[in-house]
Amino acid sequence: MNKKVNTLLFILGATVFNIIITVVSFLLLLIIYAKTIMRVLPADFQSWSFPLIFIAALAVAFLAYRYTLRFLLKKIEIEKYFDPIFVSKHRHL
């Protein structure tokens with residue numbers, strides 16, 4: 001496989017990973033909320049729970065994606081396996 005195919009596969013894999021982490025973290029936070037916090041909160045505050053859980057799931061997925069990407073970048077030589085996504089038209093010497 002060449003560098004362009006590797007780059008495309010990496011982007012697709014990273015996107016799928018990010019979506020899976022977001023869905024799993026959303027479901028876990030929703031289960032935790034339903035089993036513990038929902039019983040304590042008054043009914044007026046329960047309407048805010050879904051948007052807050054969604055935002056928290058996005059934050060968890062962002063952090064997990066960031067740390068996983070950082071770990072992979074330490075293990076893999078980027079220039080050796082991947083093609084740059086954005087190329088400058090003008091090369092500076």
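**Exercise 1. Is Thr7 buried or exposed, and what does Thr7 touch?**

Solution. Start with accessibility: Thr7 has a relative accessible area of 11%, so it is buried (buried means under 20% relative accessible area, exposed over 50%, partly exposed in between, with a 1.4 Å probe and protein chains only). A word on the background: this is a predicted model, in which local features need pLDDT of at least 70 and side-chain atom pairs count only at pLDDT 80 or more, while totals for chains, interfaces and linings use all residues. Residues are numbered from 1 along each chain as its sequence is written, and side-chain values use heavy atoms, with hydrogens and water left out.

Then list its contacts (heavy atoms within 4.5 Å). Leaving out residues up to four places away in sequence, Thr7 touches Phe82, Asp83 and Ile85.

**Exercise 2. What span does helix 1 reach, and which of its residues are buried?**

Solution. Helix 1 has 35 residues. From first C-alpha to last it reaches 48 Å, close to the 51 Å expected at 1.5 Å a residue (the expected span is 1.5 Å times one less than the number of residues). Now look for its buried residues: they are Asn6, Thr7, Ala14, Thr22, Ser25, Phe26 and Tyr33. These pack against helix 2 (43-46), helix 3 and helix 4. For contrast, take Ile20, also in helix 1: at 47% relative accessibility, Ile20 counts as partly exposed.

**Exercise 3. How many aromatic pairs are there, and which residues form the cluster?**

Solution. Apply the ring rule: rings of Phe, Tyr and Trp (its six-membered ring) pair if their centres lie within 6.5 Å, and planes under 30 degrees apart count as stacked, over 60 as edge-to-face and the rest as tilted. The count comes to two aromatic pairs. In one, the ring centres of Phe26 and Phe50 are 5.5 Å apart with planes at 85°, so the pair is edge-to-face. Phe26 belongs to helix 1 and Phe50 to helix 3, so this pair ties together parts 24 residues apart in sequence. The rings of Phe26 and Phe54 have centres 6.3 Å apart and planes at 75°, so this pair is edge-to-face. It links Phe26 in helix 1 with Phe54 in helix 3, 28 residues apart. Put together, Phe26, Phe50 and Phe54 form one aromatic cluster. As for accessibility, Phe26 is buried at 16%, whereas Phe54 is partly exposed at 40%.

Technical notes. Helices (H or I, at least four residues) and strands (E, at least two) are DSSP runs, numbered from the N terminus.
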